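This briefing covers helix geometry and helix packing. Please read it alongside the sequence and the model.

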Amino acid sequence: MAELAARASTWWAIFQINFHEKLVYRGDFMLGTLMRFLPILTQIFLWSAIFSAKGGGESAGEQIAGYSYYNIVAYYLLSTISRAFSSMPGLASGIALQIREGEIKKYLIQPLDLISFFLLNRIAHKLTYYIVALVPFAIVFIMCRGYFSGWPPGNVLACYFFSLILSFMLGFFMEATIGMIGFWFLEVRSLLFVYMLFTFFLSGHMFPLDMLNELGGPWAMIIKSLPLMYLAYFPAAVFLQKITGPELMWGLIVQVGWVVFFIIASRLAFHYGVKQYSAYGG
């Protein structure tokens with residue numbers, strides 16, 4: 001019990017240090033937040049042009065894959081929130097860089113767990129980001145409230161917030177696992193580029209994955225069987241009640257399963273990577 005309390009105290013101290021460190025860069029967070037809103041405006045204009053080209057216009061009841069123009073805009077705003085939770089810029093490349101330059105040895109000679117340290121760092125990062133970005137995001141959503149049909153029921157809202165937390169965990173442990181590949185390959189930037197490319201298109205950040213049903217064949221099933229859909233599409237679809245009932249419960253179970261899978265994968269990669277680590281570098 002004393003050991004657990006000591007470890008919890010250490011984790012809390014690490015979190016506080018990271019949190020205060022991130023607050024120093026609050027100006028950078030604010031600029032990054034403002035830059036996030038430019039693609040939102042671009043997407044709104046883009047989908048307006050798409051619906052107008054179909055002949056229905058923005059409010060004529062025209063739908064694409066079950067989404068009206070208002071649904072699409074609401075979905076994109078929600079997927080932006082999802083990606084803000086699940087995106088981990090610099091995590092995989094940072095881990096690989098520390099492995100390559102030998103900095104990772106400090107986690108091997110001190111009573112400090114690398115994965116736990118980076119997890120606390122990212123929690124502090126996200127908390128700082130949302131403290132800084134809360135007001136701008138609130139303004140945007142108030143201005144765009146007409147695109148939403150209202151708040152979902154309480155149980156759906158609880159599932160939505162739970163899926164957001166899971167999307168953060170999934171995004172973190174997926175990138176941590178990719179970063180651990182640096183134990184075997186000195187450079188992971190090409191692999192990370194491929195991962196980010198697939199994530200951008202197949203996570204649902206660009207468009208609702210329901211639209212893939214229009215393709216026919218096995219493509220929609222294959223894409224929806226990947227963990228990437230839980231990074232952006234799934235939380236947004238839950239809020240809009242595009243996924244309900246047993247399908248919602250099953251989706252949450254699968255999302256939890258993917259999180260557990262990548263927790264284990266990252267731990268195994270770290271365990272076996274350390275065994276063949278040569279400790280070169282400064």
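The axes of α6 and helix α11 (residues 245–275) come within 10 Å and cross at roughly 135°; axes are lines fitted to C-alpha atoms, for helices over the stretch in contact, and angles run from 0 to 180 degrees between N-to-C directions. α6 and α11 are therefore oblique to each other, because angles under 35 degrees count as roughly parallel, over 145 as roughly antiparallel, 65 to 115 as roughly perpendicular and the rest as oblique. This is a predicted model, in which local features need pLDDT of at least 70 and side-chain atom pairs count only at pLDDT 80 or more, while totals for chains, interfaces and linings use all residues. Residues are numbered from 1 along each chain as its sequence is written, and side-chain values use heavy atoms, with hydrogens and water left out.

**Contact of α6 with α11**
- Leu-114, Ile-115 and Ser-116 of α6 meet Ser-266, Arg-267 and Phe-270 of α11 (contact means heavy atoms within 4.5 Å).
- The residues of this contact are three nonpolar, two polar and one charged (Ala, Val, Leu, Ile, Met, Phe, Trp, Tyr, Cys and Pro count as nonpolar, Asp, Glu, Lys and Arg as charged, and the others, Gly among them, as polar).

**Shape of α6**
- Helix α6 (residues 114–143) has 30 residues and spans 42 Å from its first C-alpha to its last, close to the expected 44 Å (1.5 Å times one less than its number of residues).
- At Ala-133, shortly before Pro-136, α6 has a kink of about 55° (the angle between axes fitted to the seven residues ending there and the seven starting there).

**Packing against α7**
- Helix α3 (residues 69–86) and α7 pack at about 45°, their axes 7 Å apart, which means that α3 is oblique to α7.
- On the α3 side the contact includes Leu-78 and Phe-85, and on the α7 side Tyr-160 and Phe-168.
- The contact of α3 with α7 has six nonpolar, four polar and no charged residues.
- The axes of helix α4 (residues 91–101) and helix α7 (residues 154–180) come within 7 Å and cross at roughly 30°, so α4 is roughly parallel to α7.
- Among the residues that meet are Ile-95 and Ile-99 in α4 and Phe-172 and Met-180 in α7.
- The contact of α4 with α7 divides into nine nonpolar, one polar and one charged residue.

Definitions and conventions
Helices (H or I, at least four residues) and strands (E, at least two) are DSSP runs, numbered from the N terminus.
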